[in-house]
Amino acid sequence: MAEESQKWVLMVTAQTPTNIAVIKYWGKRDENLILAINDSISVTLDPAHLCTTTTVAVSPAFNQDRMWLNGKEISLSGGRYQNCLREIRARANDVEDEKRGIKIVKKDWENLHVHIASYNNFPTAAGLASSAAGFACLVYSLAKLMNVQEDNGKLSAIARQGSGSACRSLYGGFVKWVMGKEENGSDSVAVQLVDEKHWDELVIIIAVVSSRQMKQVAPQMLETVETSALIDTGKGSSTKRISYEEAIQNRDFPTFAQLTCADSNQFHAVCMDTSPPIFYMNDTSHRVIGCVEKWNRSEGTPQVAYTSDAGPNAVLIARNRKAATLMLQRLLFHFPPNSDTDLNSYVIGDKSILKDAGIQDIKDVEALPPPPEIKDKVPAQKYKGEISYFICTRPGRGPVLLTDDSHALLNPETGLPK
Ligand code: ADE
């Protein structure tokens, strides 16, 4: 370590996407290592719209590991953080910045402390898998800072120990979390099925049903889900999995949509079949699904797939831009914003979908005609204010380093939040 100056701070900043499970993980076989009872598959969301940015710094002047999440200091004493820090430190290597005269040798890392600042560009309480993007970004940025040589697959097994779904955020596109067989979890890793360019016609619309702070019930659910009499032991069967993976490879939207919706519905049925029952979806989630089902049926072939995780949000995957435009018109017809809501903050992300739908302001929403699949005799139902906002996005890339200093969340002189 450079002895002449104890003032230096060395930093790395990375950006990591979040992901949505399209084939869910239904339970854990090891609570501490976070090992799943089945393989799961996700689509990575475009970090331009939903991502975590994390800066990690090391300095001989730091006297303890510290972390700030969205500007507030949080404790790193939890097992999940400690697992990630320990596993990354154990793989650290020599690091040298010749220009600044900094040299850290492998064994120094045992005694050096880190500062971590992380920022989610979406509300943590919105139920949008912030811990997936968060732990993936923590592990990825620490690995780069400490010159860890392992590939993203190996890093995914470390991120998994922070949050199960985090392992899938180490890659873009469609990603499989292989459950693995080893007791130590070494083969429970993420693998990329296809990258984000493979199926780039897909458009994803997230209906954020409630941004109220939700109770963290997911870990508890994942223990009890195995007690359900409905749990499908054939969920992981190779035929089912292969046809799903083939549907992705072949961009076969009807098969993809049918299996995605069925997996989500079965997951929620199993949740309701646990004791006590768990209701993640609410009436609004059911109404959104009803709207998609009705339109898909009227078209004769699926235009949009839906899935919901451990919360009431509905994630809709449209087969192409045209389908996304027509879906958004239907959603805005049935779920208009409250009168005091600005349309600009009601539909966020890729606003070009809104433009394609011919909607520029609230008057255009009010003028939307009822979707033709609604029979004249049935009154067109409206549920004003039930949706907090919509996010329009698409499949996105995996983690990247942000080398421009302007992205850093820590001050390069002090290593404290900017
Ligand atoms: N949980 C939610 N957001 C997180 C983040 N950015 N980093 C670590 N844990 C998180």
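Author: Helices and strands here are DSSP runs, numbered from the N terminus. This is a predicted model, and its chain has 11 helices and 19 strands.

Reader: Which residues are around the ligand?

Author: Look for the shell and then ask which elements supply it. Here the shell includes Thr-52, Leu-69, Ser-118, Asn-120 and Phe-135. Both β11 (113-120) and α2 (130-145) supply at least two residues, and α2 gives the most, with five.

Reader: How many residues of that shell are nonpolar, polar or charged?

Author: Three are nonpolar, seven are polar and none is charged.

Reader: And how should I read a helix such as α8, at residues 321-334?

Author: Start with the general idea: an α-helix has 3.6 residues a turn, so residues three or four places apart point the same way. Next, check the length. At 1.5 Å a residue, the 14 residues of α8 should span 20 Å, and the end C-alpha atoms are 20 Å apart, which agrees.

Reader: Is α8 largely enclosed or exposed?

Author: Because 11 of its 14 residues are buried, α8 is largely enclosed by the rest of the structure. Among the buried residues are Met-327, Arg-330 and Phe-333.

Terms used
Residues numbered from 1 in each chain as written. Predicted model: local features only at pLDDT ≥ 70, side-chain atom pairs only at ≥ 80, totals over all residues. Near = placed C-beta within 6 Å. Helix = DSSP H or I, 4+ residues; strand = E, 2+ residues; numbered from the N terminus. Nonpolar A, V, L, I, M, F, W, Y, C, P; charged D, E, K, R; others polar. Expected span 1.5 Å × (residues − 1). Buried ≥ 20, exposed ≤ 12 C-beta atoms within 10 Å, placed from the backbone.
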